[in-house]
Amino acid sequence: MTIADVVEAAVITAVDVTNFLTASNASIEAFKTANLLKGLGVNAIIFGERGTGKLTLARYILPHAPIIDAGHFDELLDALESHSDVIIHRLDNVANLKRLIETIQKTRTRVIATGGFRYSQDQLDEIFTIRLALPPLSERIEDVEVLIDAFVKEARQTLGKSEPFDLSGFIPDLSENAISLRRQVYLHYLFDSINENDLMGIMEHYLIDKLGSNNDYRQFLHLYEVPLIRAGIKRYKSQLQLSERLGLNRNTLRKKIADHSEYQLEIKEN
């Protein structure tokens with residue numbers, strides 16, 4: 001198993017085990033609404049980007065309800081027929097919203113759903129009394145700090161690490177909200193102990209399904225050159241020193257930097 005496999009397995013295992021953490025005003029208000037919903041017998045839908053905590057909050061409201069992906073339509077209909085409470089995950093994936101509405105109305109099943117951007121407010125009003133929106137983590141910076149602490153503790157336990165988490169130069173990856181942030185924390189710890197075989201294993205894992213053109217060597221050369229130049233920029237600070245350390249003349253180094261201009265390889269001339 002490669003480092004990449006370890007990270008993927010750890011992240012998948014951890015996805016739904018973190019409690020909904022509150023520090024920002026937005027998450028505190030969302031949690032207050034969730035507490036109200038626990039005592040009300042109404043249907044609700046939770047909107048938000050991937051990784052904002054929709055499913056975690058839904059599980060808090062209905063802790064014992066089955067979680068059914070809306071894309072598994074037959075399974076979803078069966079669950080509505082056989083359970084008093086159901087969590088519908090990724091409502092946008094549902095194949096037949098009209099039939100889903102009819103089934104919920106017939107069975108009177110309590111439903112908490114996530115997603116729903118695909119459908120109009122009128123369509124959703126037929127099922128859901130309450131609509132709750134979770135902003136992205138980029139708008140909930142106080143939550144980011146709390147989540148980093150939680151993911152650090154989780155990563156230490158999962159990976160058997162005891163080293164402190166160095167936040168110097170750490171820029172949180174919020175591209176997928178908590179999902180990308182958790183992955184980043186795990187990778188941070190793993191990179192500290194990575195060796196050449198691990199690194200080559202990661203590259204092999206990444207490339208194996210991407211090879212197949214007649215220009216693969218040149219197409220993927222940037223995977224070696226960009227991190228090499230980036231590391232050299234951080235360490236040596238100037239083109240002159242970097243070219244000497246890499247054994248390249250300055251014109252060749254300038255050309256390589258220009259070839260990879262989309263990666264913003266900025267470095268002083270001297």
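The model is predicted, so local features are reported only where pLDDT is at least 70 and side-chain atom pairs only at pLDDT 80 or more, while totals for chains, interfaces and linings use all residues. Residues are numbered from 1 along each chain as its sequence is written, and side-chain values use heavy atoms, with hydrogens and water left out.

**Overall fold**

- The protein chain contains 13 helices and five strands, where helices (H or I, at least four residues) and strands (E, at least two) are DSSP runs numbered from the N terminus.
- With a radius of gyration of 24 Å, well over the 18 Å that the globule rule gives for 270 residues, the protein chain is more spread out than a compact globule; the radius is taken over C-alpha atoms, and the rule is 2.2 Å times the number of residues to the power 0.38.
- Taken along the principal axes, the box filled by the C-alpha atoms is roughly 75 × 45 × 35 Å.
- Of the 270 residues, 40% count as buried, where buried means under 20% relative accessible area, exposed over 50% and partly exposed in between, with a 1.4 Å probe and protein chains only.
- Among contacts (heavy atoms within 4.5 Å) with a separation of 6 or more, 65% are between residues 24 or more positions apart.

**Aromatic rings**

- The count comes to three aromatic pairs, in which rings of Phe, Tyr and Trp (its six-membered ring) have centres within 6.5 Å, with planes under 30 degrees apart called stacked, over 60 edge-to-face and the rest tilted.
- F20 and F31 make a stacked pair, 6.3 Å centre to centre with 10° between the planes, and this pair links F20 in the loop between α1 (3-14) and α2 (25-39) with F31 in helix α2, 11 residues apart.
- F20 counts as buried at 12% relative accessibility, whereas F31 counts as partly exposed at 22%.
- F47 and F117 make a tilted pair, 5.6 Å centre to centre with 45° between the planes; F47 lies in strand β1 (residues 44-48) and F117 in the loop between β4 (110-114) and α6 (121-125), so the pair ties together parts that are 70 residues apart in sequence.
- F47 is buried at 15% relative accessibility, but F117 is exposed at 58%.
- F20, F31 and Y60 belong to one aromatic cluster, and K38 lies over the face of Y60, 4.5 Å from the ring centre; a charge sits over a ring if NZ of Lys or CZ of Arg is within 6 Å of the ring centre and within 35 degrees of the ring normal.
- The charged end of K210 likewise sits over the ring of Y206, at 4.7 Å from its centre.

**Helix α9**

- Helix α9 (residues 196-207) has 12 residues and reaches 16 Å from its first C-alpha to its last, close to the 16 Å expected, a span defined as 1.5 Å times one less than the number of residues.
- N195 caps the N-terminal end of α9, with a side-chain oxygen 3.1 Å from the backbone nitrogen of N197.

**Around H83**

- H83 is found in the loop between α4 (73-82) and β3 (85-89), and H83 is partly exposed, with a relative accessible area of 37%.
- Leaving aside neighbours within four places in sequence, H83 is in contact with P66 and T109; H83 and T109 are 26 residues apart in sequence and 7.0 Å apart in space, C-alpha to C-alpha.

Key: Polar contact = N/O pair within 3.5 Å; in protein donor to acceptor, adjacent residues only side chain to side chain.
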